[in-house]
Amino acid sequence: PRARHAGTLWADSPRSELHLLLPTHIVKGPLMAHGQLADIADGCNVEVQICAEVSHGKLQVIVKGSLCSIAMATVAFQTSIAFASC
C-alpha cells in the first residue's frame, strides 16, 4: 500500500461560503480601487464575488473557499474596512 501524505489544514478543509453585507462605499471605493479585494482573495486563497446592493449602502459579498481561508479573509476584510473608515 502506498503511504498517504498528511494534508494541510487549507487543502483538507471542506469548501464553504460566507455571505457578508459590507458598506458599498468602502467596497466600491478603497477596496476595489486599491486592489485590496484582489489581494485578499489571492493571499487567503478564496473567491470573492461582489453581488447586488441589498439595502441602502450595503453590498452583498460572497466569499468562497476552505473554512480556514474564509476565516483569514474575514479578518483581512475587517482590517481593511477599519482603516478605510478612518
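**Core and helix packing**

Biologist: Which residues have the most contacts inside the largest nonpolar core?
Modeller: L22, V27, L31, V46, V63, A73 and F77 do, in a core of 17 residues. Such a core is a set of buried Ala, Val, Leu, Ile, Met, Phe, Trp, Tyr and Cys residues joined through side-chain atoms within 4.5 Å, and buried means under 20% relative accessible area (1.4 Å probe, protein chains only).

Biologist: What should I know about the source?
Modeller: It's a predicted model: local features need pLDDT of at least 70, side-chain atom pairs count only at pLDDT 80 or more, and totals for chains, interfaces and linings use all residues. Residues are numbered from 1 along each chain as its sequence is written, and side-chain values use heavy atoms, with hydrogens and water left out.

Biologist: Which elements give two or more residues to this core?
Modeller: β1 (15-23), α2 (24-33), α3, β3 (58-66) and α4.

Biologist: And what is V63 in contact with?
Modeller: Leaving aside neighbours within four places in sequence, V63 meets S16, E17, L18, L20, V46, E47, I70, A73 and F77; contact means heavy atoms within 4.5 Å.

Biologist: Switching topic: at what angle do α3 and α4 cross?
Modeller: Roughly 155°, with the axes of α3 (residues 36-44) and α4 (residues 67-85) coming within 9 Å. So α3 is roughly antiparallel to α4 (angles over 145 degrees count as that).

Biologist: Which residues of α3 make the contact?
Modeller: Q36, L37, I40 and C44, against S69, M72, A73, A76, F77 and S80 of α4.

Biologist: Last one, is T24 buried or exposed?
Modeller: T24 counts as buried, at 12% relative accessibility.

How values were computed
Axes are lines fitted to C-alpha atoms, for helices over the stretch in contact, and angles run from 0 to 180 degrees between N-to-C directions. Helices (H or I, at least four residues) and strands (E, at least two) are DSSP runs, numbered from the N terminus. Angles under 35 degrees count as roughly parallel, over 145 as roughly antiparallel, 65 to 115 as roughly perpendicular and the rest as oblique. Buried means under 20% relative accessible area, exposed over 50%, partly exposed in between (1.4 Å probe, protein chains only).
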